[in-house]
Amino acid sequence: MKPVKDFNIKKDISVDELAKQLRDSGGFGAKDLGMAIDTLETMMKRNCTRFLSFPANIISTGTRGIIRDMVKEKMFSAIITTCGTLDHDLARIWKDYYHGSFHADDARLYEKHIHRLGNVFVPMESYGKILEEKLQPIFADIYKSKKKLAPNELIFEVGKRLNGKKANESIIYWATKNKIPVFVPGITDGAFGSQLWMFWQEHKDFIVDVLLDEQQLSNIVYDAKETGALVIGGGISKHHVIWWNQFIGGLKYAVYITTASEYDGSLSGARVSEAVSWGKVKKNATTANVICDVTIALPIIYSALKERL
């Protein structure tokens, strides 16, 4: 056993030094956060196929910038996320979202044509309207040369057509530039998917084949020497990562960050250890499970990794 050490916070402490103190001094959730950073450092330094999964809601916040920079720096080999990530990432190229409040009057917001996403305000003109205005011409241009695509290929083609002064703030822009595939298993579950459906009404020969994505995911995992994942939140993006990795004996490295409870049996709250019972994570894997709002945890994790790597 190792003794618990007290925190010793000095004026000029680096984030990496703080991260090591979280591991050695924190106890409870702080220790888990410190161990997560160690696990991700090990994963990044291995010849390892690395997955990043996350839900869309955090892309409405400034955490989008951290995920974008991780993609820009090629820290991950593949991304699995939800349709709303496309919505928020693209919409914020063209329009702003705003600080709001969890305690706002939602009926009044509706009257003022403002959506509320937690404590972020999304004006209606910054969401559905702008996505329709921008995406329909992009889909039309793609249709001229390609009429059947995998969802990740469609996202890649959209990324190639992003321009303007804020395009390089986009996750999709950098994923395309660095040829990192973005998989969205629920491609129709959001504004991007609705726009795709609307385009299809007049172009019934425009096919987005989700099974082509599954084939590419199969190729990625079976070609990998070993795999690891940073899994943020839960839902379909989390499950798609661990589902595919069970076919090669499970993830070798896994870090979960969630605020969900495991006691209702939900996947979102399920700990890494539960995935071991399914063969989705190896029984001898290097893992960490962090119970924390990712908008708090990820800036610390990323800052510490930047110093170490």
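User: Why is D69 called partly exposed?

Analyst: In this predicted model, D69 has a relative accessibility of 22%, and because partly exposed covers the range between under 20% for buried and over 50% for exposed, D69 counts as partly exposed.

User: What makes the contact of D69 with R68 a salt bridge?

Analyst: The closest N and O atoms of D69 and R68 are 3.2 Å apart, and since the cut-off for such a pair is within 4 Å, the contact is a salt bridge. R68, for its part, has a relative accessible area of 17%, which is under 20% and therefore buried.

User: How do you know that E226 and R46 form a salt bridge, and where in the chain do they lie?

Analyst: Their closest N and O atoms are 2.8 Å apart, a value that falls within the 4 Å limit. The pair links distant parts of the chain, 180 residues apart, with E226 in the loop between helix 10 (210-223) and strand 9 (227-232) and R46 in the loop between helix 2 (28-45) and strand 1 (49-54).

User: Which of the words buried or partly exposed applies to E226, and which to R46?

Analyst: E226, at 15% relative accessible area, is buried, because that value is under 20%, whereas R46, at 42%, is partly exposed.

User: Why is E157 called buried?

Analyst: E157 has 4% relative accessibility, which is under the 20% limit, so the label is buried. The side chain of E157 also meets that of R161 in a salt bridge, at 2.8 Å from N to O.

Terms used
Residues are numbered from 1 along each chain as its sequence is written. This is a predicted model: local features need pLDDT of at least 70, side-chain atom pairs count only at pLDDT 80 or more; totals for chains, interfaces and linings use all residues. Side-chain values use heavy atoms; hydrogens and water are left out. Helices (H or I, at least four residues) and strands (E, at least two) are DSSP runs, numbered from the N terminus. Buried means under 20% relative accessible area, exposed over 50%, partly exposed in between (1.4 Å probe, protein chains only).
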